[in-house]
Amino acid sequence: MVIWITGLSGSGKSTLCDALGPKLKALRPSLVKLDGDEVRAAFGDDLGHHEADRVRQIRRIQGLARMLANQDITVLVAALYSHPELLAWNRDNLPGYFEVYLKTDMEFLLSRDGKGLYRRARSGEIPNVVGIDIPWHPPQQADMVIDASSVPPVDALADHVLKTWMAKSVVQMCGEGGRCD
């Protein structure tokens with residue numbers, strides 16, 4: 001099974017994964033977290049941030065997620081870039097795929113721009129920032145959409161994601177009635 005969390009930089013993807021991971025691991029001990037920044041570093045940080053490099057990065061994460069999920073390992077992904085074709089591939093190729101979209105507006109992200117990423121991109125200081133000079137494609141078929149600008153404490157949010165994921169998993173395995181006779 002693969003839980004894929006996406007949203008713009010600063011929306012809370014890694015924070016949610018960090019809170020959700022231990023809760024999910026209690027149910028599915030074989031769990032691997034794939035965070036986009038960590039995967040980038042694991043491959044030697046050999047990619048830039050141009051759109052083509054972002055696509056290549058997501059394809060790496062997709063390949064890892066599918067390989068692990070096919071070995072009955074639950075995979076928790078935090079990934080920024082969400083081109084519709086890539087997300088459609090996920091839905092078609094990742095077993096037990098569950099997509100969470102942390103939706104927020106740029107105004108909120110600018111207000112909590114701790115690294116100054118958006119401020120520097122808007123001033124032209126840095127290029128290739130998704131949502132500024134690389135288009136952001138909001139997911140259209142997410143299993144769960146969360147308003148990241150008005151979320152409850154992350155622990156409560158992780159509980160909510162877990163319950164929603166579990167309910168969908170039962171439906172996938174047992175049908176709409178939830179009976180696995």
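Helix H1 (residues 13-27) bends by about 35 degrees at Gly 21, the bend being the angle between axes fitted to the seven residues ending there and the seven starting there. A proline, Pro 22, follows within four residues. Helices (H or I, at least four residues) and strands (E, at least two) are DSSP runs, numbered from the N terminus. The model is predicted: local features need pLDDT of at least 70, side-chain atom pairs count only at pLDDT 80 or more, and totals for chains, interfaces and linings use all residues. Residues are numbered from 1 along each chain as its sequence is written, and side-chain values use heavy atoms, without hydrogens or water.

Five strands form an open, parallel sheet in the order E2-E3-E1-E4-E5. Strands pair if DSSP finds at least two bridges between them. E2 (31-35) and E5 stand at the edges with a single partner strand each, so one side of each lacks a neighbour in the sheet. Five bridges join E1 (residues 2-7) to E3 (residues 74-79). Val 2 has Val 75 of E3 as its bridge partner.

The search of the whole structure finds one aromatic pair. The ring centres of Tyr 101 and Trp 136 lie 6.1 Å apart with planes at 40 degrees, so the pair is tilted. Rings of Phe, Tyr and Trp (its six-membered ring) pair with centres within 6.5 Å; planes under 30 degrees apart are stacked, over 60 edge-to-face, the rest tilted. Both Tyr 101 and Trp 136 are buried.

How values were computed:
Buried means under 20% relative accessible area, exposed over 50%, partly exposed in between (1.4 Å probe, protein chains only). The expected span of a helix is 1.5 Å times one less than its number of residues.
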